[in-house]
Amino acid sequence: MRHPLLASLLRSFFSERNCRTFRGSVTLGALSISCGRFSYSTSTLESTQFKGTRIVCGDQLYDSARLSDLNILIAKVSSGSSEDEIFWSLTRDEACVAIHASHVLVEQLLHRFKDDWKSALGVFRWAETHPSFDHAPEAYNFIVDILGKTRQFGKMRELVDEMWKKNLVTLKTLAKLMRRFAGAHQWEDVMRTFDEFGTFGLRKSTESMNLLLDTLCKGTVDEAHWTILEMKGHGFHPCVISYSTIIHSYCQFSNYNKVYELLDEMEAQGCLPNIVSHTTIMCWLTKSEQFEEAVQIAERVRLRGCKTDTLFYNALIHALGRAGRLREATEVFTVEMPKNCITPNTSTYNTMIAMFCHCGHMQKALYFLKDLEESPFCEPDPQTFYPLLKLCFRFGKTDNCLKDLLDDMTNKHHLSLDISSLHT
C-alpha cells in the first residue's frame, strides 16, 4: 500500500537541493521520518528504490545499508534495562551478532540514546566486542558527555580512565568533564579535573585556563576572577578572551563595578579590550535599562580608537533608541557607519524600524523598510514587519496600510506570519 504522506516527506528529504545520492539498493525496515513539527512512522516500508544507497543530507552522512541495522539494534534495546542487560541481549542475539559495527553506526546509536545513558553505554560496549573495531575518540567523548549529562559521574570517570590508558584523553574530553561537573555545581571536581591535566598528559596553557574560566563563570564568577591571578602566578598571560569571559559573567549578575575594574585592569596589563568586550557590556547595560551608561561605553570605544563592527553599531543604535535619542541613533546609521565603512545588516534595519515604531513614527519606519528592500547587502525577515504590523493595530490602520504590509511580506518577500509574535 502506498503512503501519500510518507511519499511526500521522502521527496522533500531526498530532494536535489538537500541531498546527493549514489546508486545501489537496500530494504528499509522500521523507519521514523520527521519534517519540521510533523513526523511519520512506519514499520512496513518495503522494497524501496534506495537499496545500497549512500546519502549525504546537509552535514549528515547516512549509509542506507546501515539503516536496517540501526533499526534492528534499536528494537533490541529494551527501555529501562541495565547497561549490562542491554549489552548481553545484543551480544546473544543472532541478528545483532551479524551486524558489522562501524563508526557511523555507533555515532547514530549514541545520538539515538543521548538521553538514555544505560542504552547508550550498552550499545557502546556491544560495539567493542567486534573484531578489529576500535571506538573513535569522538565516540568516547560522546559517551562521556552522555554520562555527565545524566549525572553518572562515577561511570564517567571510569570511562575517562579507560581513555587515558588508550592515550585518547584530549582537552575536549576534559572540557566535557568540567562542564558537566559545573552543571551539577560540583566545583571541587571542576578544580580537581583541571589539576589533573598533567596526569592525563596535557599541558596547562592559556587555552586550557580559558576553558576553566568559562566553566567557573557558569557558577562562581569570583572564583574565576581569582583564577586569572593564579594564571599570572604560573606564568600564563591572560588574553582578551580570558578577561571577556569574566566580564560577560559579571554583566549577567549586573555587577558593573567589577566590569569597570576589569576594563581598567586589562588596560593596565596592556591587554586592550576588543570590540566584542565593549559590545557585550553595552548590550547588558541596555538590558538593565542603564541606557546612558551604555552610550558611554560607545564613547569609550571612540576615545580609544577601537575598531568597530556592525554588531557594535546595532547595540549602540538600540541603546540610543531606548534612551529616546532618535536623532543621534539616526546619525549613527546615516553618518557614522558609512564614514567607518561599516555595512548595516538586517538586524541594523530592524532596530531602526522597531525604534521608530515604538515611538509611533510610522512614516520614518516605512522609509527604513524601503531602504532595506533596496539594499544590495541584506533583505527583510519576519522580524522586520512585526513592529510595523503592531503599529497598524495600535493606530487602528487596519485597511490599506495593513493590507500593503501583509502583501509585501507574503507575496514580495515570501515570508510567513507568526500570529503569536504580534502579542509579544
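In the predicted model, the chain comprises 424 residues, of which 46% count as buried. Its secondary structure consists of 22 helices and five strands. Among contacts in the chain with a separation of 6 or more, 62% are accounted for by residues 24 or more positions apart. The accessible surface of the chain is about 23,000 Å², and carbon and sulfur atoms contribute 51% of that area.

Leucine 369 lies in helix α20, which spans residues 362-373. This residue counts as buried because its relative accessibility is 4%, where the cut-off for burial is under 20%. Leaving aside residues up to four places away in sequence, leucine 369 touches Ile353, Thr384, Phe385, Leu388 and Leu405. The C-alpha atoms of leucine 369 and proline 380 are 7.9 Å apart, with a sequence separation of 11 residues.

A search of the whole structure returned zero disulfides. A disulfide is a covalent bond between the sulfur atoms of two cysteines. For cysteine 239, the closest cysteine sulfur belongs to cysteine 271 at 6.6 Å, which is too far for a bond. Cysteine 239 is partly exposed, having a relative accessible area of 24%. For cysteine 401, the closest cysteine sulfur is that of cysteine 392, at 3.5 Å. The criterion for a disulfide is a pair of cysteine sulfur atoms within 2.5 Å, so the separation of 3.5 Å between cysteine 401 and cysteine 392 is also too far for a bond.

Terms used
Residues numbered from 1 in each chain as written. Predicted model: local features only at pLDDT ≥ 70, side-chain atom pairs only at ≥ 80, totals over all residues. Heavy atoms only, no water. Helix = DSSP H or I, 4+ residues; strand = E, 2+ residues; numbered from the N terminus. Buried < 20%, exposed > 50% of the residue type's maximum accessible area, 1.4 Å probe, protein only. Contact = heavy atoms within 4.5 Å. Areas by Shrake-Rupley, 256 points an atom, 1.4 Å probe, with all protein chains shown as cover.
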